[in-house]
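Grab a pencil and have the model open beside you.

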Amino acid sequence: MDEKKVNIEINGKLVEARAGQMLIEVTDRSGIYVPRFCYHSKLSVAANCRMCLVEVERALKPLPACATPVTEGMKVFTRSQRAISAQKATMEFLLINHPLDCPICDQGGECELQDLALGFGRGVSRYTEKKRVVADKNLGPLVSTDMTRCIHCTRCIRFGEEIAGIQELGAVGRSEHMEIGTYIENSVDHELSGNIIDLCPVGALNNKPYRFSARAWEMTVRPMIAPHDCAGTNLYGHVLRGELKRVVPRENEAINETWIPDRDRFSCFGVYTEDRLVNPMIRRNQEWVEVTWQEALARASGAIARAAADEGDALGILASPSSTLEELYLLRRIAAHLGSAHLDHRLRRVDFRDQQADPVWPWLGTSIAGLEERDGILFVGSNLRMEVPIIAHRTRKAALGGADVGFVNPVDYEYRFRSAAFVEAPLADFARSLAGVLAAARDELGRPLPEGVAEAVAGVSVDDAHRAAARVLLGKERALVVLGHIAQRHPRFSDIRVLAAGLAQLTGAQLGYLAEGANGAGAAIAGCLPHRGIGGSAAASPGFDVHGMLNSPRRAYVLFGIEPDRDLAEGALAEDALKSADAVVCFTAYVNDALWACADVLLPIGTFAETAGTYVNAEGSWQSFAAAADPLGEARPGWRVLRVLGNALDVPDFDYRSAEEVCEALRRELGESVPPDNGYTGSYTAALDPAAIDVAQIDVPIYGVDAVVRRSEPLQQTVLGGARDEADAPRAASAP
């Protein structure tokens, strides 16, 4: 049904609008500026700052544009004497109690109040009484407060209630005694809480770790992509003299809207730490020595070439799923040149029995924005808010919009919305719990089960929780079953996946995956897999997966961007395998005790902020970015180091001059784009045997997913970061 349109006039210009639309939305769309403080397009209307007052014909007084719906024939004047007089009067009231902190305020240079005071404020205040003073609140390690500056716009309050789903902040008192705070002193702990810094139109809420370190006009703004999960959140990095000082959101309605998780905002404070590797190092006579790049690469290429001399079978390559597409493609090309098929990026996965049925790349099953249009979503094995906060936010919006959202999980995690179903699935017997949902769907539909699951499901008992989970998908036109990180890291993942695929097939739902890291999808496309080549082509001679490489130790290993004690599911097995190897070559931005113990060559590479590259997110979007900051010391972007290593190993056609050239070479090799296809085509037969579980390998803390996040002290000081054991904290890079 078409929405009714109305015609209005703004400053003498005829404009068409949707009936009932707020006037400020129409002026914004028409490019007509109206000042505001409390209004935000993603939040509900509060209309409490009154800065957007405009004149409306036949209205007795100026009206707030944010709370005035348009009607047919309305005539509006935003720049009339009456409108400007009302706006100036509002500004005078706002400045009565505002302190003159501009010279020391972190918001200086990007403050909405400062900008509007220049246009609508008086040169001299008529107010001579004492100003109000409000005590600052301690909101935790991420957000600093100067509450005397607060103008009571309530954006931070509305964000918590409407976006985060938890009202961490509220207002106490009335009139000039009104204060924003937590009532009972508490920290702000939601994984999206840092967005209140961007929402605050004044300097009341600021980035606590960044405070007093730079001025907005001193910094260069560089576009970036978040490196910690598969959402591909768009960011801006603010850089001062080559150093990344802070990260803020970059609007992208298709992915993150205007929000970013705290993990993406504050991880930049883990870039510059004492354990950064800033020079190439080699182990010589059991001592670590700093060497030139030429000597380090000669040592690395020699060790790799000797291992590859045995038809490549003695070489194993393990890469981070947050490496760039270019780095993974170059690793694949080097491995192919050396005849080795032993390379993998699935570091936390332990069950590879049915890997031939893996999708070409792990697709979410829909676009990220499309999650909001789904009418039924069942997450299988996912601590969603901790795994991919932006997708959790989109899922919450879907639930609030009427979608049924259910979970099959070992724990009933807090999702900040009412779920339609929850099936408790103990980790040791996870597959049996999921089989109960499949059995409930079978009973409801009266259809036979797909091959591979019928026998396993035959004797499973069904309870009300299973039936509720099945109803999340039944009768839905746009249903989705999503396998989360807990499911993919489970020792019985093959059984879980075939059951989830059977459930999707039976109910007509789409099967989706939450990929590991920032570039799990890109790693699969680039062929960083033992059983597949570039673009998902079948490998002529499959190699060992990560478990096989560690269980059957190789003579030499290449570790790219990983810390084996923290990033590999089988840490103890990895320690033994790496220590028994003749050579271990590590491309790393940091060095810890595990790398000191196992490595023979340490090659310093840049972090996510110091390299150019491309990430492919969960919906399949290729997002390229340039380096935002300068590498520390002698560190170099990973793709450049791989390019020079490939030259030393005589890899043909390897003289790439930029990351863009590497990406273009991959595109040419792919030919056409690689379409998403999560349809299960395997022949695996599910079993419901219980499994021995190491919980720490499966449910990784939100601020423990990679080396950069683990080193961000502000994040580790939060409630969510408190899960990290102090014994596991990164240590300074001093050679043993």
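**Exercise 1.** Sort the residues that line the largest pocket into nonpolar, polar and charged.

*Solution.* Start with the classes: Ala, Val, Leu, Ile, Met, Phe, Trp, Tyr, Cys and Pro count as nonpolar, Asp, Glu, Lys and Arg as charged, and the others, Gly among them, as polar. Counting then gives 13 charged, eleven nonpolar and eight polar residues. Before you go on, note that this is a predicted model, where local features need pLDDT of at least 70, side-chain atom pairs count only at pLDDT 80 or more, and totals for chains, interfaces and linings use all residues. Residues are numbered from 1 along each chain as its sequence is written, and side-chain values use heavy atoms, with hydrogens and water left out.

Next, what is a pocket? On a 1 Å grid over the protein atoms alone, a pocket is an open set of points with protein on both sides within 12 Å along at least five of seven lines, while a cavity is a set where a 1.4 Å probe fits but cannot get out; lining residues have an atom within 4 Å of a point. Points are joined across faces, edges and corners, and a volume is the space filled by probe spheres set on them. The largest pocket holds about 800 Å³. Of its 32 lining residues, His-40, Glu-112, Asp-198, Leu-199 and Pro-249 lie nearest the centre. Two or more lining residues come from each of α5 (195–199), β9 (205–207), β11 (234–240) and β12 (243–249); these labels are DSSP runs numbered from the N terminus, helices being H or I with at least four residues and strands E with at least two.

**Exercise 2.** Find which helices each supply at least two residues to the lining of the second largest pocket, then work out how they pack.

*Solution.* The helices are α2 (81–95) and α3 (112–120). This pocket has about 640 Å³ of space, and among its 30 lining residues Leu-95, His-98, Leu-100, Ala-117 and Lys-131 are closest to the centre.

Now the packing: the axes of α2 and α3 are 10 Å apart, at an angle of about 130°. Axes are lines fitted to C-alpha atoms, for helices over the stretch in contact, and angles run from 0 to 180 degrees between N-to-C directions. So α2 and α3 are oblique to each other, since angles under 35 degrees count as roughly parallel, over 145 as roughly antiparallel, 65 to 115 as roughly perpendicular and the rest as oblique.

Last step, contacts (heavy atoms within 4.5 Å): Gln-87, Lys-88, Met-91 and Leu-95 of α2 meet Leu-113, Leu-116, Ala-117, Gly-119 and Phe-120 of α3. That contact has six nonpolar, two polar and one charged residues.

**Exercise 3.** Describe how α11 and α13 are packed.

*Solution.* Read off the geometry: α11 (residues 430–445) and α13 (residues 464–471) have axes 8 Å apart, at an angle of about 65°. They are therefore roughly perpendicular to each other. For contacts, Ser-433, Gly-436, Val-437, Ala-440 and Ala-441 in α11 touch His-466, Arg-467, Ala-469 and Ala-470 in α13.

**Exercise 4.** How many cavities of 30 Å³ or more are there, and what lines the largest cavity?

*Solution.* The count is six. About 630 Å³ of space lies in the largest cavity. It has 44 lining residues, with Ser-320, Ser-322, Gly-561, Asp-706 and Ala-707 closest to its centre. Sorting that lining gives 18 nonpolar, 14 polar and twelve charged residues.
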